[in-house]
Amino acid sequence: GLQGLARPDALRIYQRSDFGRLARFHLLDDRQYRAVQACREAGSSGAGAVRAGRCAELNDPKRSLLGPAQEQWLAQGLAQDAGPLGPRWSVIAQQTLFSPRHYGGASTAARADEPTPTDPWDGYPAARQRLLADLQATPPRNTVLIGGDVHQNYVCRVQADPDRPDSPVLASEFCGTSISSHSSATLERAAALQRDNPHILLARPDQRGYAWVELSPQRWQTTLMAVDDPGRADSP
């Protein structure tokens with residue numbers, strides 16, 4: 001009955017899945033265990049953004065997107081990936097966009113006043129930095145993050161410090177677009193994001209489709225597949 005849903009692990013969905021020695025998938029749950037979104041008004045749905053410089057709670061190191069138990073579970077798994085019997089590819093599969101998106105240019109003052117989305121990893125910067133530290137402390141052979149939710153295609157370099165273009169690249173990220181539902185973002189906004197965020201290699205809000213991955217011990221190749229018109233069943 002409904003009483004069973006009150007147990008913390010009753011709906012546990014985070015887990016690991018091995019594809020032989022080729023790849024290990026760490027399948028995360030960034031919904032159930034997260035801290036309440038920063039500076040969220042009581043009674044609100046939680047969607048939206050805050051001004052980074054006006055929300056001290058945003059950078060509170062105690063806030064977690066995955067929850068402490070899942071954070072520790074992931075750190076242990078990534079450390080095992082780096083061992084001699086670890087997989088060739090270490091894949092972190094989660095629900096959102098991991099890489100940061102700065103909208104206010106490069107200056108510190110501009111970024112303090114920029115709108116920061118509170119739902120993805122941008123809303124939990126300390127938790128993101130802890131995961132980056134885990135990747136850097138015990139680097140797996142090859143790490144790839146995959147995500148979605150934003151109805152846009154993103155291809156990103158995941159760097160130890162995304163604010164420093166010369167910082168080490170720790171992983172690659174592929175964030176997939178929606179299959180049919182549209183995005184509210186514009187091509188102009190996507191172009192501005194790429195200009196202000198060198199770690200974002202591709203941002204395309206105008207296409208619908210899916211990603212096709214060819215994986216071998218030597219190479220990970222992602223092909224972004226898109227249809228001309230998602231409203232037509234016979235669209236090329």
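Before anything else I wrote down my burial terms: buried means under 20% relative accessible area, exposed means over 50%, and partly exposed lies in between (1.4 Å probe, protein chains only).

**Ground rules**

I am working on a predicted model, where local features need pLDDT of at least 70, side-chain atom pairs count only at pLDDT 80 or more, and totals for chains, interfaces and linings use all residues. I number residues from 1 along each chain as its sequence is written, and side-chain values use heavy atoms, with hydrogens and water left out.

**Entry: the whole chain**

I found 4 helices and 11 strands in the protein chain. Helices (H or I, at least four residues) and strands (E, at least two) are DSSP runs, numbered from the N terminus.

Next I looked up the radius of gyration, which is taken over C-alpha atoms; the globule rule is 2.2 Å times the number of residues to the power 0.38. With 236 residues, a compact globule would come out near 18 Å, and the protein chain has 18 Å, so the two agree. The C-alpha trace spans about 50 × 45 × 45 Å along its principal axes.

I noted that 42% of the 236 residues are buried. The chain exposes about 12700 Å², and carbon and sulfur atoms supply 54% of that area. Accessible areas come from the Shrake-Rupley method with a 1.4 Å probe; for residues, only the protein chains shown count as cover.

For contacts, I used heavy atoms within 4.5 Å. Taking contacts between residues at least 6 apart in sequence, I see that 68% join residues at least 24 apart.

I also checked the charges, with Lys and Arg as positive and Asp and Glu as negative, and with His and the chain ends not counted. Each charge is placed at NZ of Lys, CZ of Arg, CG of Asp or CD of Glu. The mean positions of the 26 positive and 26 negative charges are 3 Å apart.

**Entry: the disulfide**

How many disulfides does the structure hold? I count 1, taking a disulfide as a pair of cysteine sulfur atoms within 2.5 Å. As a reminder to myself, a disulfide is a covalent bond between the sulfur atoms of two cysteines.

The bond joins cysteine 39 to cysteine 55, with 2.0 Å from S to S. The link of cysteine 39 and cysteine 55 is right-handed, with 110° about the S-S bond. Cysteine 39 sits in the loop between strand E2 (23-27) and strand E3 (49-51), and cysteine 55 in the loop between E3 and helix H1 (68-81), so the pair ties together parts that are 16 residues apart in sequence.

**Entry: two cysteines without a bond**

Cysteine 175 is in no disulfide. Cysteine 156 is buried, with a relative accessible area of 2%, and cysteine 175 is buried with a value of 2%.

I placed cysteine 175 in strand E8 (residues 169-175). Leaving out residues up to four places away in sequence, I find that cysteine 175 touches Thr96, Leu97, Gly147, Gly148, Val150, Gln152, Asn153 and Tyr154. The C-alpha atoms of cysteine 175 and phenylalanine 98 are separated by 8.5 Å, although these residues are 77 apart along the chain.

Aspartate 149 lies in the loop between strand E6 (143-147) and strand E7 (153-159). Its phi is near 80°, a positive value in a residue other than glycine.

I then moved to glutamine 70 in helix H1. Glutamine 70 is buried, with a relative accessible area of 1%. Apart from neighbours within four places in sequence, glutamine 70 is in contact with Tyr14, Leu28, Asp29 and Tyr33.

My last stop was alanine 133, in helix H3 (residues 125-137). Alanine 133 counts as partly exposed at 39% relative accessibility. From C-alpha to C-alpha, alanine 133 and leucine 170 are 9.7 Å apart in space and 37 residues apart in sequence.
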